[in-house]
Structures are given as C-alpha cells and as structure tokens.
Amino acid sequence: MEMIRGFRGTVPFDEFTLHMTVEGGAVYDFACFGVDDDGRLSDDRYMIFYNQTQSPGSEITYDGSKFTVRLSKLPASIAKLVFTVSIDGAGTMGEISSHTVTLEGAGEVMTMKLSGRDFQNERAIISVEIYRKDNWRIAAVASGFDGGLRELLKHFGGEEMTSPEPKAKPVILEKGQKVSLEKKPESPGEIIINLNWHKGNERKRLMSVFSKKEGAIDLDLGCLYEMNDGRKGSVQALGGNFGTLDSFPYISLDGDDRTGDVDSGENLRINSAEISRFKRILVYTFIYEGIANWRDADGKATVKCPGNPDVIVKLDEYNTSEIMCAVAMLENVGGNAFSVEKLVKFFGGHSDMDNYYGWGLRWVKGRKD
C-alpha cells in the first residue's frame with residue numbers, strides 16, 4: 001500500500017518493522033518516541049534512537065537500520081509512537097534527494113515516498129505516527145520543525161540530549177597502512193563506505209574531465225566480498241547488482257550517481273550485525289564512461305564504523321590511464337573486529353583486479369540500463 005502525506009488508516013498487524021531512509025548531503029538521525037494522552041513524552045525509556053536501542057520490555061527495538069515494534073506489548077501509558085528524522089549538522093529537508101518509510105508485517109507492506117520538493121527549511125520532521133483510536137492507526141505526517149531536534153523535543157515536552165563525548169578525529173591512511181576497527185555492541189548502526197569525488201563549488205568542472213560528452217560523469221563505487229564459508233561475489237551498479245542489507249550478502253549499494261550532483265556521493269552499507277560472516281571485502285571504484293583523470297577527480301573514500309573514528313582513504317595517485325582503482329581492503333581480524341588497508345592500485349578492468357587479488361570470479365561485459 002502506498003501512503004501519501006496526510007494519509008490515515010488502520011495498522012493491519014500487531015508486530016512490524018519500520019525502516020526509514022534519507023538520501024542527501026547530510027547526516028540523518030532516526031528516532032521513535034513514546035507519547036502519552038497529553039502529547040508529552042511518556043517515559044525517557046521509550047525514547048528509542050542510536051544511543052538507546054530498546055524499550056524496557058523490548059516492545060520497541062532498533063538495530064541501526066530498522067525499528068521492530070510489538071504493539072500489543074506496549075504499556076497503556078503509551079498512546080502514540082512518533083517516528084522522526086533529524087539532521088545532525090548543516091542542511092535542511094528541502095535539500096534531500098528522497099525520504100522513504102516502509103512498514104512491513106504479516107506479509108503486508110505500507111510505503112511512503114517523498115523528496116526535497118515536499119519540504120522547505122525543516123531540520124527535523126515527524127515522519128509517521130502510530131496511535132491508539134479504538135485500534136492502532138497510522139498517520140503519514142511528513143512535516144516538522146525548522147529549529148531541528150531541539151524544537152521537535154520541546155514540542156513533546158522534552159529537551160535535546162547532548163553527546164557526552166566529542167566526535168573522534170578522522171584517521172587518514174597512507175598507502176599500505178592498516179588500522180583496526182571494532183564493531184561494539186553498545187554502538188549499533190550500519191558500517192558505511194562513502195565515495196565522494198566533488199570539490200565543493202568546482203563539481204561542475206568535472207563534466208569536462210570525465211566526459212566524452214558534456215554531462216556524462218560516471219564514477220562508480222563497488223566491492224568484491226568473500227565470506228568465511230567461501231561464498232564470493234560483487235556489489236555494484238554495473239549489471240544492477242545492488243545487493244541486500246538484511247540477507248546475503250549483507251551489503252547494499254544505495255544507488256548510482258551518474259551525474260555527480262548527489263552531494264553525498266555513493267554509499268556501500270554493510271550490516272554490522274553480520275560482520276563476523278565476512279573474510280574480506282575489496283572496495284573499488286571505476287570510471288564507467290570517459291577518460292581517466294584521477295587528479296581532477298580528487299576522490300576519497302570514508303569508512304564509517306559506529307563507535308570508531310572515520311577512516312579516510314584519499315585517491316591521491318594520478319599517473320595512470322587505467323580506469324579502475326582498488327581503493328581499500330577490509331579483512332576480518334577476529335569476530336567483530338576488522339582491519340582497513342589503503343590500496344589505491346589501478347587496473348585496466350574488473351578481471352585484472354580480480355586476478356591480482358585472487359578472487360576467482362568470472363567476468364563478462366556488462367552495461368547499465
């Protein structure tokens with residue numbers, strides 16, 4: 001079922017998962033608040049977000065990618081569940097590419113899809129509300145507050161929570177250098193590998209760098225993976241193999257930025273709950289169309305693992321005409337710990353890179369639709 005802003009209807013299931021995504025150029029935080037009959041935050045133990053991932057009775061849980069809710073288990077003091085999005089840092093919802101909400105339960109799916117055109121200067125929004133009225137019902141609200149999270153919480157009688165620790169300084173790797181990261185249970189969330197190649201306001205200049213024809217920039221992100229059980233494969237836009245996050249191979253590619261106009265670049269997401277299944281992951285990028293001018297691309301990849309400093313790999317070698325770059329290698333070093341090594345090694349194509357690192361896949365010529 002498709003929901004539009006203003007939609008109201010019955011929630012046809014007792015237990016469901018709710019997944020919210022936002023694509024844009026900022027960092028987005030998702031939360032669920034339990035609200036009482038007076039429209040006030042009922043209990044701070046029912047404020048579910050990145051730092052508090054479950055309610056006292058596990059009626060609501062959050063694993064960094066989706067909320068799982070059991071409505072019949074909620075205490076009577078909870079009259080409404082409010083699912084929100086807030087921007088951490090600069091930016092507004094009017095600048096996003098897309099916002100999607102998906103509820104799934106008992107074999108049924110309810111979806112709301114919006115874009116930046118549906119918003120203006122909001123920095124925090126109520127996405128959907130699920131509330132009691134005879135039975136449980138849903139409202140697609142999709143509106144919010146220019147003042148961000150502080151104003152949203154004030155609306156419900158709460159105050160903004162401050163982080164007890166400043167964000168760690170990023171680690172910038174040199175070629176051949178490795179750094180170890182550990183996925184900690186108290187820091188839930190996806191492991192994200194971001195590729196970005198713009199230079200602030202100089203982005204449009206890349207149209208003449210990569211393109212044989214104006215407007216055809218296409219620098220792609222992908223990876224090869226090898227599981228501990230021996231299974232191997234790739235995730236990339238070429239061939240439409242975008243992967244899946246909640247099932248094998250537990251890696252997904254957000255999308256394909258063919259123009260360079262998406263400020264957040266391209267993102268590979270790894271299900272952090274399944275990181276122990278992986279033996280190694282080779283992150284790469286390649287130029288789908290155009291000449292190889294890596295200097296003017298000024299690209300960098302950033303590995304974001306919750307509870308660890310960001311790891312930055314700069315594509316800072318330029319004297320090559322090869323179109324493919326092996327960027328970094330992630331290797332399991334025991335349980336939920338893995339190392340990140342800077343490679344930045346260039347190849348003529350997928351097969352050459354595969355042979356060098358010993359993956360053993362079979363490659364055929366592919367294209368994008």
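The model is predicted. The protein has 369 residues, and 49% of them count as buried. Its secondary structure comes to four helices and 25 strands.

**Overall picture**

- Among contacts with a separation of 6 or more, 67% link residues 24 or more positions apart.
- The protein exposes about 17,700 Å². Carbon and sulfur atoms supply 44% of that area.
- The count of disulfides is zero. A disulfide would need two cysteine sulfur atoms within 2.5 Å.
- Cys 32 is buried, because its relative accessibility is 0% and the limit for buried is under 20%.
- Cys 223 has a relative accessible area of 1%, so this residue is buried as well.

**Nonpolar cores**

- The largest nonpolar core holds 39 residues. Those with the most contacts inside it are Ile 251, Ile 270, Phe 278, Ile 281 and Val 340.
- Strand β16 gives this core its largest share, five residues.
- A second, separate core has 38 residues. Ile 60, Leu 81, Phe 83 and Phe 119 are included in it.
- Ile 251, from the largest core, touches a list of residues beyond four places away in sequence. Among them are Cys 223, Tyr 225, Val 235, Phe 242 and Leu 245. The list also includes Leu 268, Ile 270, Phe 278 and Ile 281.
- Some of the contacts of Ile 251 are with other kinds of residue, including Gly 243, Thr 244 and Arg 269.

**Strand β21 and its partners**

- Strand β21 covers residues 278-287. Nine of its 10 residues are buried.
- One partner of β21 is strand β16, residues 219-227. The two run antiparallel and are joined by nine bridges.
- Within this pairing, Leu 224 has Leu 282 in β21 as its bridge partner.
- Another partner of β21 is strand β24, residues 324-332. This pairing is also antiparallel, over seven bridges.
- Here Ile 281 stands opposite Leu 330 in β24.
- In a regular strand, side chains alternate between the two faces of the sheet.

- Asp 220 lies in strand β16.
- Asp 220 counts as buried because its relative accessibility is 1%.
- Asp 220 and Tyr 288 are 68 residues apart in sequence. Their C-alpha atoms are 6.8 Å apart in space.

**Helix α4**

- Helix α4 spans residues 350-357. Its buried residues include His 350, Met 353, Asp 354 and Tyr 357.
- These residues lie on the same side of α4, because they cover an arc of only 100 degrees around the axis.
- An α-helix has 3.6 residues a turn, so residues three or four places apart point the same way.
- Asn 355 and Tyr 356 are exposed. They sit on the face of α4 turned away from its buried side.
- Gly 358 follows α4. Its phi is positive, near 70 degrees.

Conventions. Residues are numbered from 1 along each chain as its sequence is written. This is a predicted model: local features need pLDDT of at least 70, side-chain atom pairs count only at pLDDT 80 or more; totals for chains, interfaces and linings use all residues. Side-chain values use heavy atoms; hydrogens and water are left out. Buried means under 20% relative accessible area, exposed over 50%, partly exposed in between (1.4 Å probe, protein chains only). Two strands pair if DSSP finds at least two bridges between them. Contact means heavy atoms within 4.5 Å. Accessible areas come from the Shrake-Rupley method with a 1.4 Å probe; for residues, only the protein chains shown count as cover. A nonpolar core is a set of buried Ala, Val, Leu, Ile, Met, Phe, Trp, Tyr and Cys residues joined through side-chain atoms within 4.5 Å. The arc is that of the directions from the helix axis to the C-beta atoms.
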